[in-house]
Amino acid sequence: MVEESGKDTSELEQLGQETLDAAERLEQSIQEVYAEIPETENLEDFEKMAEELRETAGKLAKAGTQVFTVSDELSTRCRDTRQQRRKRKIIAAAPANGTIDLKEREGNHFAKGLGIYKLLLICFIGSFAGVVVELMWCLIRNGYLESRSGLVYGPFNLLYGAGAVALTVCLYQFRNRSGWISFLGGMLVGTVVEYLCSWGQELLFGSRSWDYSAMPFNLNGRVCLLYSVFWGVLGVFWIKDLYPRMAQLILKIPNKIGKILTIAVTVFLIFNSVVSLLAVDRWSERVAGQAPSNSLEELLDERFPNERMESIYANMDF
C-alpha cells in the first residue's frame, strides 16, 4: 500500500512538472497572439481561447487545492502521531485524531464520527468541564470560589456546552489539518457563539453576564478582539487535544448502555434548562417589583428566592 502511494505521488510530481512546463510554453506562444490582436477584426476566436484558458486555470486551481489539502493532512497526521508517541513517555498524551477515527470505525461505536450521540455527550461534558475550569481560574485569579453555573441544578453551563459542540461541528473536518486552520475557525465560531449568547440573554431577560465595552476593538460590548484570539487558541487546543481526549473517554462507554446514558443526561439538561429559564425570568420580574400571578410563580419564588439566584448567577446584572 505504501509502495503504491509512493508510486502515485511520484507520478503526480512528474505530472505537476509537465504542467508547469506546458504553462511556460503556453505563455511564450500567447506572446505571438498578442501581436495578432491589433491586426484582427474578428476577435471571437481569441475571446474563446481566453475563456477556455480560464476554465483550465480553474480546474488546475481545484486540483492544486486538493493536492495541497491531502499533503497538509498527511503531514499533520504524521506530526500528531509522532507528538503522541513522544509525549506518552512523559505525560498522558492526547491520542491523535487519526487514532480515534480508526478505533471508532473498527469498533462500530455508537458515538462514532460526528453523530448526534457524540454531540450530545460533548455538550454535557463541555457544560460541566467549562464550569470547573472557570471556577479554578476564579480561584487562582481572585483567591476565592464564585459560581459560574448557567443552570440552577449542578455545575453546568450550556454556554460552554454549546461552544464545545459548535467548535466540534465546525472544526471536525479540519481535525487532521494544520493548526492555523483550527485557529481561524475557532476565532470565528467562538466569537459568533459568544455574541449570540449575549444578545439572546439580553433579549430574553434584559440582563448581561459580561460586558467588554472597556476593551479595545469590541463590538457592542458583547465580543472583543482579545477574547476572539483566545477563542482561536482554544479552537486549536480543543480539536487537537481536548476533543480527542473526550472522544477517547466516550469510546470507553459500552454500546449497550451508551445510548441510554446519552438520552438520560440529555433529558436532565433539557429539564434543567427549562427550570433555569423559568427561574431567571421570575427573578427578573421580582427585581422589577412584580408579584406572583399564579401558583407556578409562587413555587418559583419559594424554591428559587433572590439569595439563591444571586449565588448561582453571581455576575448577572439586570
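Author: The protein has 10 helices and 2 strands, where helices (H or I, at least four residues) and strands (E, at least two) are DSSP runs numbered from the N terminus. In sequence order the pattern is α-α-α-α-α-α-β-β-α-α-α-α. This is a predicted model, so local features need pLDDT of at least 70 and side-chain atom pairs pLDDT 80 or more, while totals for chains, interfaces and linings use all residues. Residues are numbered from 1 along each chain as its sequence is written, and side-chain values use heavy atoms, leaving out hydrogens and water.

Now for α4, residues 116-142. With 27 residues at 1.5 Å each, α4 should span 39 Å, and its end C-alpha atoms sit 38 Å apart, which agrees; the expected span is 1.5 Å times one less than the number of residues. Buried residues (under 20% relative accessible area, 1.4 Å probe, protein chains only) in α4 include Leu 119, Ile 122, Gly 126, Gly 130 and Cys 138. An α-helix has 3.6 residues a turn, so residues three or four places apart point the same way. What covers the buried residues of α4? Among the elements in contact (heavy atoms within 4.5 Å) are α3 (97-107), α5 (158-171), α7 (225-251) and α8 (255-287). Just after α4 comes Gly 143, with a positive phi of about 85°.

To place that in the whole: 33% of the 318 residues count as buried, and the C-alpha trace spans about 90 × 55 × 35 Å along its principal axes.

How values were computed:
Buried < 20%, exposed > 50% of the residue type's maximum accessible area, 1.4 Å probe, protein only.
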